[in-house]
Amino acid sequence: MRSICSLLAALLAVATTSVALSNQPNIIYILADDLGYGELSCFGQTRFATPHLDRMAREGIIFTHHYAGSPICAPSRNTLMTGEHTGHVTVRNNFVFGAEAGERVPLGPDDITIAERLRAAGYTTAMFGKWGLGEDGSGAEPWNKGWDEFYGFVNQKHAHNQYPEFLYRNAQPEPLVPNYGHFENVFANDRFTEEAESFLDQQSESQKPFFLYLAYTTPHSDLKCPQDSIDQARAKHPELTAPGAPESALVFAAMVMRLDRDVGRLLAKLNELDLDDDTLVIFTSDNGPHAEGGKDDAANTYFNASGGLRGMKRDLYEGGIRVPFIARWPGKIAPNTTSAHPSASWDFAATSLDLAGVTADNLPPDGISYAPKLLGRTQDQASHDYLYWELVFKNEGRQAIRQGDWKAVRYGVDAPIEIYHLATDVGEQNDIAHEQPKRRDEFAHLFTSAREPDPRFPLRFPADSSSRQP
């Protein structure tokens with residue numbers, strides 16, 4: 001049951017919502033898990049092809065400067081759901097500092113999700129996939145945070161298993177009996193695609209707009225995939241098993257190719273149901289590429305997973321937070337377009353409400369709608385003064401800021417501030433902080449003023465602390 005605070009928050013969302021437009025678009029948001037900036041062929045991948053996402057890019061727009069909310073899972077998803085950056089969100093890491101393994105911070109009762117806001121505006125809401133923002137019994141489960149329908153993983157550690165023995169359908173665990181005994185017969189992501197297709201079938205008969213959030217768990221480890229996709233990858237790209245290829249290359253490529261196939265299925269379903277022109281589809285990732293489960297090597301050089309950017313998952317350099325972004329909306333978004341507008345996952349809440357014709361007076365101020373950029377109204381597009389990230393990793397508080405073409409990073413609040421000029425050094429190889437003393441001082445001030453301290457996620461750890469962040 002929702003807490004009183006949660007109910008008041010939901011009521012507030014309704015009370016501050018204006019009358020919605022009659023032509024509200026359907027919205028589908030597809031989130032890959034640990035997919036790097038360079039791991040789609042439309043973003044430069046050459047080891048394998050992603051034809052359906054390539055087609056989506058040709059029929060829509062690519063953002064080349066889009067950022068995840070965090071270089072790790074849970075806080076990135078918090079920014080997406082609430083429209084706040086990681087200096088303000090409730091969930092700033094996968095675990096609380098100093099907690100025993102498995103102890104996680106859920107969304108708070110006052111955290112209003114975009115699902116709650118859109119539902120208050122008349123949308124039917126559905127989520128299929130990985131939640132990770134509130135355990136069963138926390139009050140922050142997906143069925144208590146705005147979703148009319150939910151099917152998937154509640155616990156993010158559970159989502160590391162691509163062949164689980166159960167998934168939640170709303171508040172009830174639903175068995176996947178063919179996977180009992182550690183058998184691998186039902187791939188979780190196949191179920192999410194099937195649920196999404198069924199949901200679209202249902203909504204085609206409805207007069208209400210819908211918001212569908214598909215949070216796939218591919219290509220996160222563990223690196224497993226149905227054999228038919230592995231066979232297809234081997235047949236189409238024999239170089240994946242050639243001498244010198246990493247042992248995991250074939251399976252990893254098969255996972256991304258299957259994800260691409262599923263996006264193709266959803267686009268085909270929209271066309272079949274004559275929903276294409278009424279539906280905005282967005283595809284992106286929750287953070288940069290991983291190297292777990294035997295994937296590639298620590299630098300992901302075989303797949304060039306970060307697309308030439310520095311760093312990967314858990315890094316606040318570009319490779320950890322800059323992610324692929326594709327948006328498609330026939331008749332509204334001009335085909336085959338590219339934008340370098342800097343945007344972030346915490347902009348989605350403002351964007352979707354903007355497109356739905358909704359004004360929420362209590363929407364967090366961190367996000368800026370990128371709807372004008374999607375719709376070709378460049379003259380109306382507002383820009384961020386800066387984008388901010390923070391992460392507690394091990395015993396180190398990491399921070400980063402992008403302001404225009406300038407990027408500041410520091411790994412530890414007492415560490416020197418590094419400064420990079422992204423327009424001339426996108427790989428962040430030349431720290432020019434010594435040439436920019438005034439700018440360095442301004443970034444130092446922003447590193448303090450951009451955030452609200454949270455004792456559960458301290459950026460400066462006690463000197464005698466023996467407890468480390470997982």
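Modeller: Let's start with a term: buried means under 20% relative accessible area, exposed over 50%, and partly exposed in between, with a 1.4 Å probe and protein chains only. This is a predicted model, where local features need pLDDT of at least 70 and side-chain atom pairs count only at pLDDT 80 or more, while totals for chains, interfaces and linings use all residues. Residues are numbered from 1 along each chain as its sequence is written, and side-chain values use heavy atoms, leaving out hydrogens and water.

Colleague: Why is Y370 called buried?

Modeller: Its relative accessible area is 0%, and the limit is under 20%, so Y370 counts as buried. F63 also has 0% and is buried.

Colleague: Why are W147 and Y213 called stacked?

Modeller: Their ring centres lie 5.8 Å apart with the planes at 25°, which is under 30 degrees, so the label is stacked. W147 is buried at 2% relative accessible area, and Y213 is buried at 2% too.

Colleague: How do you know that the charged end of K295 sits over the ring of F252?

Modeller: The rule asks for NZ of Lys or CZ of Arg within 6 Å of the ring centre and within 35 degrees of the ring normal. The charged end of K295 is 4.2 Å from the centre of the F252 ring and is listed as sitting over it.

Notes:
Phe/Tyr/Trp six-rings, centres within 6.5 Å; stacked < 30°, edge-to-face > 60°.
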